[in-house]
Each structure stands twice: as C-alpha cells, then as structure tokens.
Amino acid sequence: MIETFTSLARRRPPPGILAAPAGRRRLTDALIAAVVTAVEVGGSAAAGAHHDHPHAPGVASYLLLAAGGVALIARRRYPAAVLAITLGSALGASALGATGVVWLALIVAFFTAVQARRRAAAIAALIIGYLVSVWPPWLLGTGDHPSVTFALTLLIGLLVLLSAAELIRSGSQRAQALRRSREEELRRRASEDRMRMARDLHDVVAHNISVINVQ
C-alpha cells in the first residue's frame with residue numbers, strides 16, 4: 001500500500017502531452033534553415049542558368065539568400081529580428097538579380113512572427129515588401145515597372161498569406177489550450193488519487209493499530 005501510494009505521488013503526465021524538448025526544437029529549426037537555404041540558393045542558381053536576363057545573380061545575391069536562410073535557426077527566439085533579416089536579404093538578393101524561390105525564408109519567418117504574436121512586425125514586413133515591389137506606384141504599367149495586374153495580384157496574395165498565418169495561429173492557440181486543459185485534468189486526477197490513497201492508507205494504519213491494541 002505504501003509503495004503504491006509513493007509511486008502514485010511521483011507519477012507525471014504522459015510524455016505525449018508535453019512540449020517537445022528544446023534540443024529537438026533546435027534540431028528541427030536547423031533542418032528547416034538548411035532546407036530553405038538549399039532551396040533558395042539552388043533554385044536561384046537554376047533559374048539564373050536557364051534564363052538569360054541582363055542582371056544575372058552573382059555571389060552577393062547568393063550570400064544574401066544564404067544569410068536569410070541561416071537566420072531561421074533563431075526564428076523562435078528572435079522572431080521580429082529574423083523577419084527583418086529575411087526581408088532585407090530577400091529584397092537585396094532580388095535587387096541583385098536573384099530569381100526563383102527567393103521569398104521562402106521570408107515566408108517562414110513571417111509565419112513564425114505571427115505565431116509569436118509579433119503582428120506589428122509581420123504587417124510592417126508585408127507593407128515594406130509590397131511597396132518596394134511596386135514602387136513608385138504612379139509608374140505601374142509603364143516601361144519596365146510592374147503592371148497594375150501584378151500589383152493587385154501581389155496585394156491579394158499578401159492578404160491571403162496574412163489570413164492563413166492568423167488562422168494557423170488561432171488553431172495553434174486552441175491546441176495549446178486543449179493541451180493545458182488535459183494536463184490540468186491529469187494533475188487533478190492524480191491529486192484525487194493521492195488523496196484517496198492517503199485515506200485508504202490512514203484507514204489501514206488505524207485498523208492495524210486498533211487490532212494491536214485489542215491484542
């Protein structure tokens with residue numbers, strides 16, 4: 001009885017409802033950063049090799065893309081700073097002639113910032129990226145400047161991206177609330193079990209003492 005009570009008192013919630021260890025999160029972030037960097041740099045190199053444009057991407061553009069991808073390692077700890085780094089690297093690499101998937105790191109950092117409730121930084125990044133892409137707006141559709149259709153399509157795409165990030169954040173918050181509720185329920189049940197075991201143990205001890213007194 002005493003051993004059962006001791007083991008019950010030391011019982012913890014099942015590991016499935018606990019947060020992932022910090023080491024696993026760091027490994028996941030490192031893998032994501034490596035994959036994003038490889039996709040951006042490799043995709044830009046492939047696009048530059050298959051398309052002959054006047055400003056072919058150089059080493060500087062690849063370094064900027066790599067810097068933005070590597071910065072994702074710290075995206076959980078410094079979401080706003082990483083968002084700013086990826087925005088600058090994407091805009092700089094694009095200005096230097098990089099093409100292909102140059103915005104992937106920025107998208108990952110944007111979603112992370114929204115998840116971390118850095119909405120002001122996330123919305124500011126969208127506005128800055130949009131204005132740089134269509135600036136100056138009064139020259140849309142003239143010469144080599146973006147067309148009006150492109151500007152509208154980009155605006156709609158960014159709004160959809162923001163909406164998707166908010167939906168994911170809301171779902172993540174609900175999942176966290178549910179997990180905390182389950183943990184509290186497990187702790188409550190464990191506390192009730194300990195109290196019941198304590199009462200049973202008290203009854204057993206009291207009964208044994210009474211028997212000893214009678215004998």
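The following legends describe close-up views of a predicted model.

Residues are numbered from 1 along each chain as its sequence is written, and side-chain values use heavy atoms, with hydrogens and water left out. Because the model is predicted, local features need pLDDT of at least 70 and side-chain atom pairs count only at pLDDT 80 or more, whereas totals for chains, interfaces and linings use all residues.

**View 1. Overall fold of the chain.** The chain has 7 helices and 0 strands, where helices (H or I, at least four residues) and strands (E, at least two) are DSSP runs numbered from the N terminus. Read from the N terminus on, the elements run α-α-α-α-α-α-α. Of the 215 residues of the chain, 26% count as buried, a class that means under 20% relative accessible area, with exposed set at over 50% and partly exposed in between (1.4 Å probe, protein chains only).

View 2. A search of the whole structure finds 4 salt bridges, each defined as a side-chain nitrogen of Lys or Arg within 4 Å of a carboxyl oxygen of Asp or Glu. One of them joins R75 to D29, with the closest N and O atoms 3.0 Å apart. Since R75 lies in the loop between helix 3 (59-70) and helix 4 (79-95) and D29 in helix 2 (residues 22-50), the pair ties together parts that are 46 residues apart in sequence. Both R75 and D29 are buried. D29 also forms a salt bridge with R76, where the closest N and O atoms are 2.9 Å apart. This second pair links distant parts of the chain, with D29 in helix 2 and R76 in the loop between helix 3 and helix 4, 47 residues apart. The relative accessible area of D29 is 4%, which makes D29 buried, while R76, at 44%, is partly exposed.

View 3. The side chains of R119 and E166 meet in a salt bridge, at 3.2 Å from N to O. This pair, too, links distant parts of the chain, as R119 is in helix 6 and E166 in helix 7, 47 residues apart. R119 counts as partly exposed at 34% relative accessibility, and E166 is partly exposed with a relative accessible area of 22%. Elsewhere, salt bridges that share partners join D29, R75 and R76 into one network.

View 4. The axes of helix 6 and helix 7 come within 10 Å and cross at roughly 165°; axes are lines fitted to C-alpha atoms, for helices over the stretch in contact, and angles run from 0 to 180 degrees between N-to-C directions. Helix 6 and helix 7 are therefore roughly antiparallel to each other, given that angles under 35 degrees count as roughly parallel, over 145 as roughly antiparallel, 65 to 115 as roughly perpendicular and the rest as oblique. The axes of helix 5 (residues 104-115) and helix 7 come within 9 Å and cross at roughly 45°, which makes helix 5 oblique to helix 7.

**View 5. W135 and the nonpolar surface patch.** I123, I127, L131 and W135 make a nonpolar surface patch of about 390 Å². Patches are made of residues with over 30% relative accessible area and no salt bridge, like charges being joined within 9 Å and nonpolar side chains (Val, Leu, Ile, Met, Phe, Trp, Tyr) within 5 Å. W135 is placed in the loop between helix 6 (119-134) and helix 7 (148-214), and at 52% relative accessibility W135 counts as exposed.

Conventions
Areas by Shrake-Rupley, 256 points an atom, 1.4 Å probe, with all protein chains shown as cover.
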